[in-house]
4 protein chains.
Amino acid sequence: MIKVGVVGGTGYTGVELLRLLAAHPGVALQAVTSRGEAGRHVADLFPNLRGHLDLVFTPPDASDLHACDLVFFATPNGTAMQLVPGLLAAGVKVIDLAADFRLRDPDEWEHWYGMPHACPELLAEAVYGLPEVNREAIRAARLVANPGCYPTAVQLGFLPLLEQGLVDPGNLIADTKSGVSGAGRKAAVGTLLAEASENMKAYGVAGHRHQPEIRQGLRAATRQPVELTFVPHLTPMIRGIHATLYARLTATGEDLQSLFEQRYADEPFVDVMPLGAHPETRSVRGANHCRLAVHRPRDGHTVVVLSVIDNLVKGAAGQAVQNMNLMFGLDETAGLAAAALLP
Amino acid sequence: MIKVGVVGGTGYTGVELLRLLAAHPGVALQAVTSRGEAGRHVADLFPNLRGHLDLVFTPPDASDLHACDLVFFATPNGTAMQLVPGLLAAGVKVIDLAADFRLRDPDEWEHWYGMPHACPELLAEAVYGLPEVNREAIRAARLVANPGCYPTAVQLGFLPLLEQGLVDPGNLIADTKSGVSGAGRKAAVGTLLAEASENMKAYGVAGHRHQPEIRQGLRAATRQPVELTFVPHLTPMIRGIHATLYARLTATGEDLQSLFEQRYADEPFVDVMPLGAHPETRSVRGANHCRLAVHRPRDGHTVVVLSVIDNLVKGAAGQAVQNMNLMFGLDETAGLAAAALLP
Amino acid sequence: MIKVGVVGGTGYTGVELLRLLAAHPGVALQAVTSRGEAGRHVADLFPNLRGHLDLVFTPPDASDLHACDLVFFATPNGTAMQLVPGLLAAGVKVIDLAADFRLRDPDEWEHWYGMPHACPELLAEAVYGLPEVNREAIRAARLVANPGCYPTAVQLGFLPLLEQGLVDPGNLIADTKSGVSGAGRKAAVGTLLAEASENMKAYGVAGHRHQPEIRQGLRAATRQPVELTFVPHLTPMIRGIHATLYARLTATGEDLQSLFEQRYADEPFVDVMPLGAHPETRSVRGANHCRLAVHRPRDGHTVVVLSVIDNLVKGAAGQAVQNMNLMFGLDETAGLAAAALLP
Amino acid sequence: MIKVGVVGGTGYTGVELLRLLAAHPGVALQAVTSRGEAGRHVADLFPNLRGHLDLVFTPPDASDLHACDLVFFATPNGTAMQLVPGLLAAGVKVIDLAADFRLRDPDEWEHWYGMPHACPELLAEAVYGLPEVNREAIRAARLVANPGCYPTAVQLGFLPLLEQGLVDPGNLIADTKSGVSGAGRKAAVGTLLAEASENMKAYGVAGHRHQPEIRQGLRAATRQPVELTFVPHLTPMIRGIHATLYARLTATGEDLQSLFEQRYADEPFVDVMPLGAHPETRSVRGANHCRLAVHRPRDGHTVVVLSVIDNLVKGAAGQAVQNMNLMFGLDETAGLAAAALLP
């Protein structure tokens with residue numbers, strides 16, 4: 001049994017991680033920390049866990065993190081980087097669900113996250129935890145940077161096209177729609193039901209932190225400069241990301257459907273839907289799958305890829321568990337076999 | 001492995017049953033029948049099952065139902081009663097998720113369901129599948145009538161009070177709120193998102209088929225005449241039932257909280273919440289639990305019980321699996337251990 | 001033109017009041033105050049008002065309130081009572097949409113609102129602004145206490161029965177369901193879309209501030225002691241209240257439908273629906289109507305009244321405008337003629 | 001007073017048209033026809049109209065349409081073209097809210113709508129009712145083809161760029177999101193709340209009827225071949241369209257914000273929001289406005305235009321009333337002055 005700790009278990013990625021870990025056959029959950037909720041039963045805060053998890057929040061500085069084999073950080077950006085060096089030194093592996101180790105360039109990180117990086121020397125070691133790209137490196141990693149939700153959906157959709165050089169990397173568009181749980185479990189007017197329900201809006205068009213993360217991943221795949229227009233939208237639902245991706249084909253005659261099917265043939269969590277399909281976010285609600293469909297409307301120059309994930313599962317906690325399974329030599333799908341909840 | 005067939009797997013109770021059975025460790029799913037969808041892959045209709053269930057809908061008259069140990073009916077009312085006698089004669093056990101075997105009086109059944117009963121001789125044998133009341137009878141049953149969704153939530157909330165004779169059975173009120181999946185997966189104007197979202201309404205105040213079912217169960221518990229006012233409401237959500245129950249106390253001084261805790265102390269799927277709690281339907285979304293809280297506002301004469309279930313799980317498919325576990329000597333919680341999906 | 005000021009125009013009752021006043025033919029809006037948003041264009045905060053309202057928020061202590069004929073308070077509880085004496089002394093009439101002047105007993109007010117009342121001497125003068133009960137007093141009033149949202153829906157439903165002495169006032173139940181805009185436009189975790197959508201829960205069962213307000217109104221109608229069990233529920237929608245009311249008939253043979261129709265025959269904003277109807281909250285979305293239906297299931301002892309309003313209109317801003325029309329001798333329906341938005 | 005008839009008043013564009021016409025100061029509503037609902041009170045079907053509209057549905061062949069000055073068609077595609085020639089011959093003007101007269105090429109119409117056009121000779125005369133493009137022609141028209149919902153939002157967003165030749169017309173992308181009322185008020189599984197809520201999906205990527213309508217309008221503006229990739233999405237809300245438009249700039253240095261502000265400076269229903277804004281669909285809920293914002297992320301080659309409308313108002317019934325106002329010499333904004341309902 002892997003001894004696991006969770007730092008910052010009071011947000012939506014936290015509760016989803018706890019739901020998955022509580023049911024995981026290979027995990028012994030040792031500690032769930034929260035400064036604000038220390039002393040409170042986890043299941044008091046999250047009543048879906050009543051009867052499934054009998055733990056009390058402890059303060060984050062508790063030494064029991066050092067007794068773990070693995071610590072997950074489900075904290076705000078900038079927290080993990082304070083504690084990770086100490087944990088690694090103590091022989092504890094780390095998966096950070098926040099953004100602290102996602103960008104390889106510390107200057108870029110500081111630009112987007114508004115603070116200097118606390119341990120830039122670890123950025124080169126940190127493995128970007130997208131198993132469909134970095135599986136072997138993840139197996140060997142001490143420190144995994146779990147990808148963002150939008151970056152997961154967008155990269156999985158663009159990668160086959162860029163890896164094969166079939167589209168112009170200088171003109172990529174990602175129009176993405178996210179449920180409001182992506183904004184986190186914090187008191188805010190903008191994501192009140194009375195504000196965000198029966199409403200649709202774009203946000204962050206001028207610049208969003210996930211844009212450089214996606215660009216970094218796509219650049220690695222294509223080895224050319226990438227120009228990506230990234231427009232996220234707040235959608236009146238709780239869970240789910242729908243990424244609609246547009247690229248200009250530079251070659252014609254390719255069988256795009258076969259390309260995608262082959263690229264992901266051995267991937268347990270990427271489902272290439274049949275030709276002409278329109279994947280629905282609800283088809284992955286609560287599940288760790290990404291479902292993709294490829295279209296080329298009217299046989300034109302533009303290829304359209306539809307990519308859906310559950311932002312809290314494949315976009316956060318599920319992918320983190322997938323990474324844990326890889327790091328500890330378990331079956332990659334352990335604890336992640338549940339089908340989506342539909343309707 | 002129990003060989004299982006599902007008749008009528010194209011509705012919401014059907015897909016939920018398939019989701020649970022596909023993950024159940026003791027079940028081998030043999031056949032899923034549908035007249036309308038015969039020949040189509042189940043996972044085409046329900047994409048959440050892609051990768052989890054590799055079966056094709058077959059016509060309902062296929063003889064492979066007779067090769068099963070157990071057949072579930074997830075059909076409209078009036079269908080199961082046509083096929084059940086033949087199945088029982090062939091040694092196949094049956095759980096009917098529809099209403100065909102819920103009422104013991106065939107005249108009452110005909111009154112509420114608008115057709116004569118096809119096999120009234122089986123009504124006495126059929127066991128009403130509420131394990132918290134009839135566990136031993138279910139273990140021994142060939143034919144189980146799976147309770148309705150409202151009846152499950154309402155009976156579990158009222159039973160401790162009526163069994164102990166603490167309230168007036170002549171003045172019971174059940175104000176119930178259901179998500180729209182309770183209306184089923186059929187084309188209808190009234191449950192379109194554009195009609196039912198951002199809206200709340202009562203329906204069936206003059207009479208609802210679940211009223212006699214509830215009354216029958218409560219009468220059995222109290223052995224006195226029962227007068228129940230039952231008002232269901234259509235609520236703008238997909239899943240979930242919230243029953244708010246009102247009764248007049250005939251005794252005072254009772255510790256109602258202890259009463260409920262003791263009544264359900266050994267029940268794996270009934271959770272009596274702490275004093276003063278307000279259970280939320282989302283705390284049981286996708287899970288087989290019923291969560292209850294008891295209140296006596298301002299120490300008055302009226303006791304208020306709050307009872308929540310997922311109408312598709314404890315109110316339908318989950319309870320059916322629980323009954324199957326009992327009928328076949330499995331652990332009662334097998335295949336039902338998942339925590340609710342929150343948020 | 002009535003010169004009108006609005007204190008505290010940044011919440012949901014505020015923006016709804018501004019929407020109605022901006023279109024009102026007899027109103028000149030002079031000032032909208034907000035401490036936090038002073039200096040900002042109102043239409044920046046509420047983009048639905050772009051092109052309809054060209055005003056800037058001013059600080060609440062601005063003397064221009066004294067130049068108004070009427071000031072509305074759309075502030076948190078406890079604010080209006082600080083400023084009302086000065087306004088009345090300056091000859092300005094006041095309608096308070098908060099609770100400061102709703103309860104006649106200052107001790108009860110202090111008990112429920114947690115602070116001593118700042119001007120208890122005005123409680124006797126304040127007129128409770130339910131036109132269907134107090135129309136003539138409202139016409140003559142300097143100070144109107146605009147009713148709460150639940151109290152409006154519940155009183156309009158119970159009043160005909162209590163006024164005629166047809167039900168037992170010692171056993172009234174109001175099971176009420178409200179959209180989340182009733183909780184106001186303030187940052188809070190509990191009313192985030194990710195928490196409150198796809199969810200139903202009761203709250204405040206032990207005690208809710210609207211209970212004494214309703215009881216006060218019902219007691220005045222029946223002149224007997226009233227015992228009211230009041231259970232509010234948070235419903236996953238933005239606007240709307242559905243009150244389901246239960247009472248025990250003390251007489252039989254009454255034509256309840258006629259009773260309701262006669263009671264409200266001359267009321268412009270109370271619509272008694274036909275026998276057997278189920279009013280929907282969306283049928284009053286954005287409109288000032290209360291729609292009612294009366295049921296007596298199975299000719300039993302319990303009468304069920306269904307009452308729906310838009311909590312922000314008849315339950316707040318619309319009723320306030322209706323009161324203004326009465327106080328200033330305008331047509332009672334001026335500015336309130338719009339039909340509900342459906343779908 | 002304009003004598004007005006409505007053919008097919010039982011859908012969502014129908015009820016919205018009736019809501020607007022019932023409150024319009026210059027309209028006398030003479031007849032509302034429906035084959036299926038003939039004899040039923042309109043307000044029985046649409047309870048929001050109780051007290052606002054006292055009409056009974058009549059059969060569509062009733063001769064009283066010929067006594068009207070203007071007839072609106074809110075019918076399925078293919079109905080209006082059967083009746084329009086007769087109405088025009090009788091001197092009755094027509095506004096068709098369906099697609100019968102939107103495409104100028106009868107072959108293209110037949111291709112997309114699956115039937116031959118019944119009166120192709122009228123296609124040249126019909127005026128496409130987008131006032132921001134065709135105002136003078138609309139004033140003089142006998143027959144107006146009211147634009148589709150997506151086409152309205154998309155054209156208003158692209159037109160300023162194309163008219164000025166600032167973008168490549170060979171590479172336009174419209175990623176559009178619509179509430180489900182766009183699918184109409186007809187019984188269908190796909191738009192049930194239980195299917196479409198908590199879900200996001202694209203549809204019609206291979207081809208959608210609004211694509212040729214948009215392309216026709218854009219081609220007229222640019223006088224060059226247009227290649228448009230059009231991807232609509234079903235969004236879990238009732239009303240609203242959010243169009244996110246992408247184009248490649250062919251010139252740099254243009255002040256795009258000024259361009260849009262000047263283009264729409266005199267338009268009563270097009271609101272160019274300030275630089276950096278993110279218009280919300282709820283800011284136009286129930287209102288006839290289109291709100292636009294222009295972005296050029298990171299000063300790159302791609303311009304992003306955000307365009308929101310209420311699909312039932314500016315995208316259907318409101319624009320039809322705007323066209324009526326123009327055709328009959330009324331103030332263009334008559335009956336359309338209401339602010340959006342927010343929240």
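**Helix packing and cysteines**

Author: Start with chain B. The axes of helix H6 (residues 149-163) and helix H8 (residues 210-222) of chain B come within 9 Å and cross at roughly 25°. Keep in mind that this is a predicted model.

Reader: So are H6(B) and H8(B) roughly parallel or roughly antiparallel?

Author: Roughly parallel. The crossing angle is under the 35 degrees cut-off, so the pair falls in that class.

Reader: And is the crossing of H6(B) and H8(B) left-handed or right-handed?

Author: Right-handed.

Reader: Which residues make the contact?

Author: From H6(B), they include Tyr150(B), Val154(B), Phe158(B), Leu159(B) and Leu162(B). From H8(B), they include His210(B), Ile214(B), Leu218(B) and Ala221(B).

Reader: How do the residues of that contact divide into nonpolar, polar and charged?

Author: There are 10 nonpolar, four polar and two charged.

Reader: Is Cys119(B) buried or exposed?

Author: Buried, with a relative accessible area of 1%.

Reader: What about Cys68(D), how far is the closest cysteine sulfur?

Author: 19 Å, in Cys119(D), so too far for a bond.

Reader: And is Cys68(D) buried or exposed?

Author: Cys68(D) is buried, at a relative accessible area of 5%.

Technical notes
Residues are numbered from 1 along each chain as its sequence is written. Chains are lettered from A and ligands numbered from 1 in the order in which they are written. This is a predicted model: local features need pLDDT of at least 70, side-chain atom pairs count only at pLDDT 80 or more; totals for chains, interfaces and linings use all residues. Side-chain values use heavy atoms; hydrogens and water are left out. Buried means under 20% relative accessible area, exposed over 50%, partly exposed in between (1.4 Å probe, protein chains only). A disulfide is a pair of cysteine sulfur atoms within 2.5 Å. Axes are lines fitted to C-alpha atoms, for helices over the stretch in contact, and angles run from 0 to 180 degrees between N-to-C directions. Helices (H or I, at least four residues) and strands (E, at least two) are DSSP runs, numbered from the N terminus. Angles under 35 degrees count as roughly parallel, over 145 as roughly antiparallel, 65 to 115 as roughly perpendicular and the rest as oblique. A crossing is left-handed if the near helix is turned anticlockwise from the far one by less than a right angle, and right-handed if clockwise. Contact means heavy atoms within 4.5 Å. Ala, Val, Leu, Ile, Met, Phe, Trp, Tyr, Cys and Pro count as nonpolar, Asp, Glu, Lys and Arg as charged, and the others, Gly among them, as polar.
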